[in-house]
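Here are my notes on this one, as numbered points. Have the model open while you read.

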Amino acid sequence: MQIRFWGVRGSTPAPGPSTVSYGGNTACVSLRNQAGELLIVDAGTGIRALGQALADAAGGEPIAGALLLSHFHWDHIQGIPFFLPFYRASSRFVVYSFTAHGSHFRDHLEGQMQAPYFPVPMSKMGAQCEFREIGEGIFSIGHYRVTTRRLHHPGGALGFRIECDGYSVTYASDHEPDGGRFDANVLELAAGTELLLSDAQYTREEYLVGRVGWGHGTWESAVDLAARAGAKQLLLFHHDPDRSDERLAAIVREARKHFPATRAAAEGMEIHWPEGTEESAVQIHGQQASPPAPTQAESAAARRC
Ligand SMILES: [Zn+2]
Ligand SMILES: [Zn+2]
């Protein structure tokens, strides 16, 4: 099994010179198992480049896969209108997510493509897409075994434990620790997992100054959850759009004092199993960023997705 990161940023895309190393696109990761099955988790702006890569690799051949959506905040769905495989009639995808807002989740995806927001309605994209509602539970996608649990996040979100080929990845983006049942859900998903992707948008200091209840965690809560769950590796994920490469690299250094097998997810990063436990098998740009810059004033803009 392998995992690749196409978008690691939270809330809103953050391109620019201060985020070149870790990347500015919002949440999207892809997995491939030994059978070659494609499983995508979340469709932030990172999915655009994934779509181009899939189209390039496929040539004119059909593209098939599954897409798991954790929830419907823009940073997790906004790449869908730019996902090239959805414009090919030969493509076949199954999209999975939950309904918690009074209508089928397909309506949420179609809504962002309605006029005047986008010129092409989702119904005109052309691919054969099936939309399957899921809740908390365990189900199969091809050879993948997926366990879902609810996370603590405004409007709700799902966390995923994805198991295949004898390995497991836990995706727990957009989770604010609650010290209770939702944390227990994350701990259950991440128990003994090879790789835990955890919401680490803020520092604890930032969190306590006006960000309680926004639905996100801190790097401190991420290392705590990783240790308690017995995860083998931790990837800090859903980076704040204001987080510079230098500051993120400094956070990783600090986090490693508490949970040594910690890194920060970066665009272009790939991890392969069974070699994934070897540092050399990981292609990272940005992990060697220079020392931290002085703390910058925090943006006053609210970031709740
Ligand atoms: Zn988010
Ligand atoms: Zn969100």
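1. Start at Val 95, whose bridge partner in β6 is Phe 131. Strands β5 and β6 run parallel and are joined by 6 bridges; strands count as paired if DSSP finds at least two bridges between them. Strands here are DSSP runs of E with at least two residues, helices are runs of H or I with at least four residues, and both are numbered from the N terminus. Between these strands comes helix α3 (residues 105–111), and β5, α3 and β6 make a right-handed β-α-β unit. Right-handed means that, with the strands pointing away from the viewer, the path from the first strand over the helix to the second runs clockwise.

2. A word on conventions: this is a predicted model, with local features needing pLDDT of at least 70, side-chain atom pairs counted only at pLDDT 80 or more, and totals for chains, interfaces and linings using all residues. Residues are numbered from 1 along each chain as its sequence is written, while chains are lettered from A and ligands numbered from 1 in the order in which they are written.

3. The next pair is antiparallel: β2 (residues 28–32) and β3 (residues 38–41) share 4 bridges, and Ser 30 is partnered by Ile 40. The two strands form a hairpin with 5 residues between them, and Gly 36 in the turn has a positive phi of about 85 degrees.

4. Putting those strands together gives an open sheet of 7 strands with mixed pairing, in the order β6-β5-β4-β3-β2-β1-β14. At its edges are β6 (128–133) and β14 (270–272), each pairing on one side only. Neighbouring strands are turned by 20 degrees against each other on average, direction ignored. (Axes are lines fitted to C-alpha atoms, for helices over the stretch in contact, and angles run from 0 to 180 degrees between N-to-C directions.)

5. There is another open sheet of 7 strands, also mixed, ordered β7-β8-β9-β10-β11-β12-β13. Here β7 (137–141) and β13 (262–264) each have a single partner strand, so one side of each is left without a neighbour in the sheet. The twist averages 20 degrees from one strand to the next. Helix α4 (residues 181–190) packs on this sheet, touching β8, β9, β10 (167–172) and β11 (195–199), with its direction at about 165 degrees to that of β8. Contact means C-beta atoms, placed from the backbone, within 7 Å.

6. Take a look at Leu 158, in strand β9. Strands β8 (residues 144–151) and β9 (residues 157–164) pair antiparallel over 7 bridges, with Leu 158 as the bridge partner of Arg 150. Leu 158 counts as buried because 27 other C-beta atoms lie within 10 Å; the cut-offs are 20 or more for buried, 12 or fewer for exposed, and partly exposed in between. His 71 is 87 residues away in sequence, yet the C-alpha atoms of Leu 158 and His 71 are 6.7 Å apart. Leaving aside neighbours within four places in sequence, the contacts of Leu 158 include Ser 70, His 71 and Phe 98.

7. Which residues have the most contacts inside the largest nonpolar core? They are Ile 162, Leu 196, Leu 235, Leu 236 and Ala 265, in a core of 74 residues. Helix α6 (residues 219–229) gives the most to it, with 6 residues. The core is a set of buried Ala, Val, Leu, Ile, Met, Phe, Trp, Tyr and Cys residues joined through C-beta atoms within 7 Å.

8. Finally, helix α7 (residues 245–256) lies across β12 (233–237) and β13, running at about 170 degrees to β13. Its buried residues, among them Leu 248, Ile 251 and Val 252, pack against α6, β12 and β13.

Notes
Contact = placed C-beta atoms within 7 Å.
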